[in-house]
Amino acid sequence: ARGVLRVGTTGDYKPFSYRANAASPFIGLDIELAGRLAKTLGVRVELVPTSWPTLMRDFAADRFDITMSGVSVSAERRTAAFFSVPYLQDGKTPIARCENQALFQTLAQIDQPGVRVVVNPGGTNERFARARLRQATITVYPDNLTIFDEIVAGRADVMITDAIETRLQQRLRPQLCAVHPEVPFDRSEKAYLLPRDAAWKSTVDDWLRPVLENREFARLLEKWLGHPW
């Protein structure tokens with residue numbers, strides 16, 4: 001009825017959502033799919049900037065109708081929201097400088113005094129690190145767009161993040177290597193975050209299922225993984 005689909009997105013998570021600066025357009029896999037969803041509904045899309053630390057607060061304030069930004073499904077988020085059917089299986093895995101990847105194969109190897117783990121604030125990466133690491137030094141770095149440069153520059157040793165992100169970042173930064181992304185430390189799913197509205201969830205799921213079943217999603221994922229960021 002409003003004629004607009006309000007989509008919350010962070011702009012700092014390639015290949016899902018990326019914006020170089022406040023004056024730049026959003027691009028990415030979830031941005032393209034947001035446009036397709038809006039077209040299916042017969043409305044225009046409005047991309048609403050949010051961040052990982054403020055995501056659930058912005059969601060509770062009804063700033064957007066759906067979050068499309070590579071959001072991981074978590075029990076904490078489920079207490080306040082619905083999720084669409086999952087569109088990607090993923091999990092947390094390390095990324096480090098290539099010459100050091102043998103040193104960070106396991107959580108036990110990472111959780112050692114003197115190991116510097118960098119995390120972005122407010123999301124599942126920080127929660128994972130704080131729940132499982134007791135001896136390593138955890139540093140919160142506020143900019144998810146440049147956080148991997150901290151490892152390249154030697155100011156951090158390792159980051160634990162989603163396997164799909166480690167695969168992309170090793171393409172973008174040849175000095176870095178994803179550590180066993182095919183066998184992550186845990187298993188998780190990515191889906192679209194939705195208000196607790198059963199009819200709206202059903203609408204989104206009915207749109208998304210054919211995209212997944214006809215391999216269109218797989219094609220788009222490969223397109224954005226290979227994008228010249």
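Visitor: How do the residues lining the second largest cavity divide into nonpolar, polar and charged?

Guide: They divide into two nonpolar, two polar and three charged. Here Ala, Val, Leu, Ile, Met, Phe, Trp, Tyr, Cys and Pro count as nonpolar, Asp, Glu, Lys and Arg as charged, and the others, Gly among them, as polar. The lining is Asp12, Lys14, Asn144, Leu145, Phe148, Glu165 and Gln169. One caution: this is a predicted model, where local features need pLDDT of at least 70 and side-chain atom pairs count only at pLDDT 80 or more, while totals for chains, interfaces and linings use all residues. Residues are numbered from 1 along each chain as its sequence is written, and side-chain values use heavy atoms, with hydrogens and water left out.

Visitor: What counts as a cavity?

Guide: On a 1 Å grid over the protein atoms alone, it's a set of points where a 1.4 Å probe fits but cannot get out, and lining residues have an atom within 4 Å of a point. Points are joined across faces, edges and corners, and the volume is the space filled by probe spheres set on them. Here there are two cavities of 30 Å³ or more.

Visitor: Which residues are closest to the centre of the largest cavity?

Guide: Of its 15 lining residues, those are Tyr13, Trp52, Thr124, Asn125 and Asp162. Helix 5 (124-132) and strand 11 (158-162) each give two or more residues to this lining; helices (H or I, at least four residues) and strands (E, at least two) are DSSP runs, numbered from the N terminus. The lining has two nonpolar, eight polar and five charged residues.

Visitor: Where is the disulfide?

Guide: A disulfide is a pair of cysteine sulfur atoms within 2.5 Å. The whole structure has one, joining cysteine 98 and cysteine 177 with sulfur atoms 2.1 Å apart. Cysteine 98 sits in the loop between strand 8 (92-97) and helix 4 (107-110) and cysteine 177 in strand 12 (residues 176-178), so the pair ties together parts 79 residues apart in sequence.

Visitor: Is cysteine 177 buried or exposed?

Guide: Buried means under 20% relative accessible area, exposed over 50%, and partly exposed in between (1.4 Å probe, protein chains only). Cysteine 177, with a relative accessible area of 15%, is buried, while cysteine 98, at 24%, is partly exposed.

Visitor: Which residues of helix 8 are buried?

Guide: Trp200, Val204, Asp205, Trp207, Leu208 and Val211. The buried residues of helix 8 pack (contact means heavy atoms within 4.5 Å) against strand 1 (4-9), helix 1 (29-41), strand 5 (66-67), strand 14 (193-194) and helix 9 (216-225).

Note on methods. On a 1 Å grid over the protein atoms alone, a cavity is a set of points where a 1.4 Å probe fits but cannot get out, and a pocket is an open set with protein on both sides within 12 Å along at least five of seven lines; lining residues have an atom within 4 Å of a point.
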